[in-house]
Structure formats: C-alpha cells, structure tokens
Amino acid sequence: MYSEKVMEHFRNPRNVGEIENADGVGEIGNPTCGDMMTFYVKIENGILTDVKFKTFGCGAAIAVSSMVSEMAKGKTIEEAMKISNADVAKELGGLPPNKLHCSNLGADALHKAIEQHLAKKPATGEKGCHCPFCDAPVEGSSICAPCKNQGRK
Amino acid sequence: MRFGYFDHAAAAPLLPEAKEAMMPFLGDEFGNPVSLHHFGDKPRAAVEGARAQVAALVNSRPDDIVFTASASESNNLAVKGLALSRKAKGRNIVVSAIEHVSVLEPLKSLGVYGFDITEVPVDADGTVHPDKLAAAIKTDTILVSVMHANYEVGTIQKVKELAAVAHRFRIPFHSDGTAAVGRIPVDVVGLDVDAYTFPAMSVYGPKGAAALYLKRGTRLQPLIEGGFQEKNRRAGTEDVAAIAGFGSAAAVTKSRLPEWSESMTRLAQRIFKELPEKLEHIIFTGSMSSRIPGHVSVVVEFVEGEAMLLSLDDEGIAAASGSSCSAKTLKASHVLLAMGLPHTKAQSSLVLTMGKDSTDEDVSHFLDKLPPITRRLRQMSPLYARLQKGEDPYAVKPGEACEDEQEHETDER
Ligand code: FES
C-alpha cells in the first residue's frame with residue numbers, strides 16, 4: 001500500500017522527540033479527532049538548527065513527520081515555511097490518495113511551530129531582560145514564561 | 001520469520017475438502033444446473049447436495065436456504081427484500097447501532113422510498129438489551145435486524161430473546177450470523193429467526209458463496225430478477241463450484257466445531273490473561289461473558305491502529321483495527337463509538353480473529369511482539385508524552401474543534 005520510502009521512514013523515523021526550551025511548538029489535530037502531531041523547532045539566526053516531532057497517527061502520518069523534520073532541518077525560516085504538503089508527499093515517493101491529508105498535518109504543524117516563534121520574536125527588540133533560550137522578554141525570573149510552558153507541554 | 005494470522009474475519013483459509021468438492025465444477029462439469037440435458041445433472045446435484053449440507057449446519061430445511069454471492073448480498077437481500085415486501089404495512093426499520101455496513105447502508109438507500117431507520121443503542125459491552133429493542137419499536141415498524149455476533153468486539157447477542165420481542169409485535173426478525181457461524185453452534189429454528197445471513201467463508205469455504213436462511217412462508221422481494229433460480233428469490237446462474245465448496249465446508253465444520261471452538265477459546269483466553277501482564281494501558285472491549293471463541297478486541301492506548309498493524313505485519317502478524325486511519329472510508333469504527341468509546345480510544349483499536357488452525361506459537365509470537373511495537377510507537381506519541389508528564393492525555397484545549405472527519409472526507413475525493 002505504501003511506497004518503500006514511506007515504510008522506511010515509518011520504520012526508522014528521524015528526529016522523534018521533543019526539544020526542551022524549543023523556540024516554537026506547533027500542534028495540529030487534537031485527541032478527539034484521533035490524529036495529533038506536535039512539532040518542536042530550535043531556531044538560531046533564522047535557521048532551523050533542530051526539528052523534532054511527536055505523532056499519534058497512521059503510518060503515513062509518522063513517515064510524513066519524519067520527512068518534514070528532515071527537510072526542514074538546516075533550512076532558513078523562509079525556506080522551511082515554503083515546504084508544502086505536495087513537496088513532502090513527493091519526497092516520500094507519493095502517498096495513497098486517501099492519505100494525502102496526513103501530509104497536510106506535517107507541514108502545517110511545522111509552520112505552526114515557526115509561526116509561534118515569529119509571533120514572539122518582535123519582543124526581542126524591547127528593553128529589559130531576555131530569555132537566554134528564545135529571546136522572549138523576561139520579567140523577574142531568569143526563565144521565560146513561554147519556554148517554561150513549552151518545556152513542560 | 002514466524003507468522004500469525006489473526007484476521008479470519010477478513011478471509012479464512014479454504015478447507016481442503018471444500019477445494020476438492022469445487023474442482024470438478026472448475027473443469028469438465030461446466031454445465032448449467034438448469035439445463036435439461038445431461039450436462040446439467042452433476043452441477044444441479046452439487047447445488048442441491050450443498051443446500052442440504054448448508055441447511056444442516058444451522059438446522060434449517062434445505063428449501064429455506066437461498067444461495068447468494070456474499071454475506072453482504074445476503075444482508076442486502078434480507079433487509080431490502082423484507083422491507084420492500086412489507087412496505088404497505090409501514091416504513092420503519094429497527095436495527096442495532098452496531099450492525100455491519102451491509103445492513104446499515106442498504107437501509108439508508110431505502111430512504112428514497114420513504115423508509116426510516118431507528119437504531120437501538122448498545123451498552124458498553126456492545127450488547128443490545130431486549131427492553132431497549134421493545135422501546136424502539138414503533139407502530140409502523142415492519143422489520144427488525146440485529147446481528148448474532150459482532151466481529152469487531154466479539155459480543156454475542158441474545159438473538160432468541162430479541163426475536164421474541166419482534167414477534168410480540170408481529171414483526172419479522174433478521175440476524176446477520178457472519179461472525180457467529182463457524183464459531184458457535186447455530187440453530188435457526190431454536191433462535192426462531194425469520195431470516196439469517198452467513199457466508200461460506202465463516203466455515204472455511206470459498207469466497208463467492210453465502211446463504212440467506214428464510215423461514216418458510218416469509219415474503220421477500222427479490223433484488224436480482226429475471227430468472228427462477230433459488231425459487232425466484234435470486235435470479236442468475238449459480239456459482240456451482242463455490243456452492244459445492246460451501247456445502248462441503250459446512251459439513252466439515254458441523255462435525256469439527258466443538259473441537260475448533262474449544263481451541264480458539266483457549267487461545268483467546270491466553271491473550272486476555274497474558275497480555276495485561278506484558279503491556280500497560282490496554283482495555284479489552286466487548287463482552288467478556290458472552291463472546292465468540294477466538295476473538296480478541298483491545299484498545300492499546302496512545303498508539304494508532306494502522307501504525308500497529310503495519311508494525312505487526314513487519315513481524316508476520318496479520319490483524320485488523322477499527323481506527324479511522326486504517327479504514328478505507330477514514331471513519332472510525334461506528335461499533336466502538338456506539339459502545340461509548342471516545343474517538344481517540346477507537347483510534348487505538350486492535351482486533352484479532354483466530355481460526356481453527358491458530359496455534360499456541362502464533363499467540364506466543366503475538367504476545368512477544370506487541371509490547372515492543374507498542375513501546376516504540378508510544379515513544380513517538382504526543383498523548384503518551386502527556387501521560388508521562390502527569391497530564392491528561394486526552395485533554396482538549398478550549399476552543400479546539402475537531403475538523404478531522406470533514407477533512408478526511410474532502411481529501412478522499
Ligand atoms: S493520521 Fe489518520 S489517516 Fe493518517
């Protein structure tokens with residue numbers, strides 16, 4: 001049913017896990033839907049230095065997550081934002097038609113993680129203390145609220 | 001690699017006796033059973049001999065057996081045929097919420113003739129209670145259909161009591177026996193059903209043959225017309241080879257059933273006992289007290305069914321799941337949802353159907369392989385990660401709506 005490439009990524013997924021103090025976290029789907037994907041990104045100087053994921057879904061969803069993480073790693077934010085569902089499916093040697101929606105999950109979760117990072121980015125220029133991990137402004141404590149939240153999410 | 005075939009609900013191996021019975025009709029005995037000349041003799045004798053064997057399996061009279069091509073066809077013929085023949089009396093049909101789609105879908109299409117369906121809910125075990133059935137019956141109800149056993153969760157229904165309820169209202173009762181025949185003894189007279197579906201595959205016969213038992217005197221509108229075969233109840237030249245195979249398989253199954261059932265029951269019991277010792281966070285589904293032999297249905301929490309099936313397949317193990325991702329329709333099992341399981345847990349369903357040839361080695365192999373597969377998939381699972389952090393794995397953030405089903409449907413096209 002699946003291409004060899006899909007099965008290979010399903011059997012040996014790259015970059016499974018979570019990133020502590022990630023710069024961005026993107027979650028797609030939710031438990032009641034049955035499918036869920038969480039992407040974590042580490043961003044330094046506009047480059048995705050690390051990408052990790054956790055996925056609750058079918059074989060295609062796991063292979064897609066693995067492929068997206070591989071494609072995004074080392075890319076600039078701009079390049080990573082351009083990764084499309086079609087690109088992912090193509091890199092995987094195609095997906096069965098009824099599984100194409102799983103490739104949406106992967107790219108969407110990655111983009112959401114990057115967007116989360118960008119959303120808190122403007123704060124960087126402001127005065128005051130900044131979190132050493134993600135540049136978010138910090139009041140009082142030495143660890144920023146967003147990082148702390150994501151760390152335990 | 002060791003194998004383990006646990007998907008007898010999808011397909012079962014053909015009995016050698018059945019294959020042998022089929023062979024002449026795939027070769028020289030190509031004649032049509034209706035022919036007057038001698039080419040029709042052996043095929044006709046084979047069909048009628050098989051009818052007697054198939055009837056004997058369920059304690060029916062041979063004349064009350066209609067041969068069809070599949071359990072789906074028998075179900076279609078039963079529910080559409082009975083409903084259409086009674087449409088002057090009313091337009092409501094009562095079914096359980098966990099019927100097979102080959103009962104539910106044809107009834108939906110009867111909607112164009114003004115029929116409507118009432119679904120009787122099931123309890124958490126997947127049992128239909130007779131009082132719930134009685135409560136669902138309306139003045140214009142003309143047919144009740146409740147399956148004998150459910151293939152996804154293994155629960156056996158109290159068919160005799162349910163049929164009695166329908167008869168109290170003078171309504172005919174159909175039961176889909178696909179999951180029951182070949183696993184438990186079936187007596188259509190004792191159950192007092194008016195129509196009963198079962199395929200050759202349930203008794204290790206070939207694909208392409210099935211039966212509909214129809215109690216004498218039950219009126220039925222045929223679906224396939226234009227020939228007098230099967231006493232005008234199903235037109236079309238019979239698949240003689242498949243029917244001959246069905247007959248032989250039915251006869252073998254009738255004599256060996258007690259022994260097969262005992263072995264399947266014992267193997268399933270091993271899984272019920274040993275799997276929880278090896279794997280945490282699993283929930284067995286279906287009735288534990290009224291259950292078909294050789295059937296295990298389990299929710300392996302925090303991992304998705306299709307991912308489990310693919311990983312099991314890598315170990316030579318064939319199983320099934322009620323998860324939406326593993327379904328061609330991308331819909332989660334309506335059976336599990338009707339039993340009150342939340343979507344997320346239905347996603348984690350695993351269904352094992354054993355057969356007469358299943359062995360202790362198959363079961364041991366499965367018990368060895370499922371735990372590491374589950375551990376690997378749980379390491380990837382965001383739900384399991386939540387659990388490990390002491391959070392509620394199934395918590396949904398406020399405002400988060402599920403567009404999943406809709407998304408699935410649009411992408412399917
Ligand atoms: S995640 Fe459900 S089909 Fe892929």
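**Note on a predicted two-chain model**

1. A:E8 has a relative accessible area of 31% and therefore counts as partly exposed, the class between buried (under 20% relative accessible area) and exposed (over 50%), with a 1.4 Å probe and the protein chains only. Its partner in a salt bridge is A:R14, with the closest N and O atoms 2.8 Å apart, where a salt bridge requires a side-chain nitrogen of Lys or Arg within 4 Å of a carboxyl oxygen of Asp or Glu. A:R14, at 24% relative accessibility, counts as partly exposed as well.

2. On the basis of the note: this is a predicted model, in which local features need pLDDT of at least 70 and side-chain atom pairs count only at pLDDT 80 or more, while totals for chains, interfaces and linings use all residues. Residues are numbered from 1 along each chain as its sequence is written, chains are lettered from A and ligands numbered from 1 in the order in which they are written, and side-chain values use heavy atoms, with hydrogens and water left out.

3. Read from the N terminus, the order of its elements is α-β-β-β-α-α-α-α-β-β-α. Of the 153 residues in chain A, 54% are buried. Among the contacts (heavy atoms within 4.5 Å) in chain A that join residues at least 6 apart in sequence, 59% are between residues at least 24 apart.

4. The interface deserves a paragraph of its own. There, 34 residues of chain A are in contact with 41 residues of chain B, and the two chains bury about 3,000 Å² between them, 55% of it on carbon and sulfur atoms; this buried area is the accessible area (1.4 Å probe) that two parts lose on being put together, summed over both. Four salt bridges are counted between chain A and chain B, and one of them is formed by B:E306 and A:K99, whose closest N and O atoms are 2.7 Å apart.

5. Eleven residue pairs, with both residues at pLDDT 80 or more, are in polar contact across the interface of chain A and chain B. On the side of chain A that touches chain B, at least two residues come from each of α1 (4-11), β1 (24-29), β2 (36-44), β3 (47-56), α2 (59-72) and α5 (100-120). By class, this side of chain A has 15 nonpolar, eleven polar and eight charged residues. A polar contact is a pair of N or O atoms within 3.5 Å; within protein, one must be able to donate a hydrogen and the other to accept it, and residues adjacent in sequence count only if both atoms are side-chain atoms. Ala, Val, Leu, Ile, Met, Phe, Trp, Tyr, Cys and Pro count as nonpolar, Asp, Glu, Lys and Arg as charged, and the others, Gly among them, as polar.

6. Over all chains the structure holds 28 salt bridges. In one of these, B:D63 and B:K231 meet through their side chains at 3.3 Å, N to O. The pair links distant parts of the chain, 168 residues apart, with B:D63 in the loop between α2 (41-57) and β2 (65-68) of chain B and B:K231 in helix α8 (residues 229-232) of chain B. B:K231 is exposed because its relative accessible area is 51%, whereas B:D63 counts as partly exposed at 37%.

7. A second pair in chain B lies within one helix: the side chains of B:R270 and B:E274 form a salt bridge at 2.9 Å, N to O, and both residues belong to helix α9 (residues 240-278) of chain B, four residues apart, or about one turn of the helix. An α-helix has 3.6 residues a turn, so residues three or four places apart point the same way. B:R270 is buried, at 18% relative accessible area, and B:E274 is partly exposed, at 21%. Salt bridges with shared partners join B:R266, B:R270, B:E274 and B:D360 into one network.

8. Helix α13 of chain B (residues 360-379) passes a check of its length: at 1.5 Å a residue its 20 residues should span 28 Å, which agrees with the 30 Å between its end C-alpha atoms, the expected span being 1.5 Å times one less than the number of residues. The buried residues of α13(B) include B:V363, B:F366, B:L367, B:L370 and B:I373, and also B:D362, B:H365 and B:R378.

9. Two backbone angles are worth a look. Most residues other than glycine have a negative phi. A:N45, which is not a glycine, has a positive phi near 50 degrees; A:N45 lies in the loop between β2 and β3 of chain A and counts as exposed, at 81% relative accessibility. B:H281, likewise not a glycine, has a positive phi of about 55 degrees; B:H281 is in the loop between α9 and β9 (282-284) of chain B and is partly exposed, at 30%.
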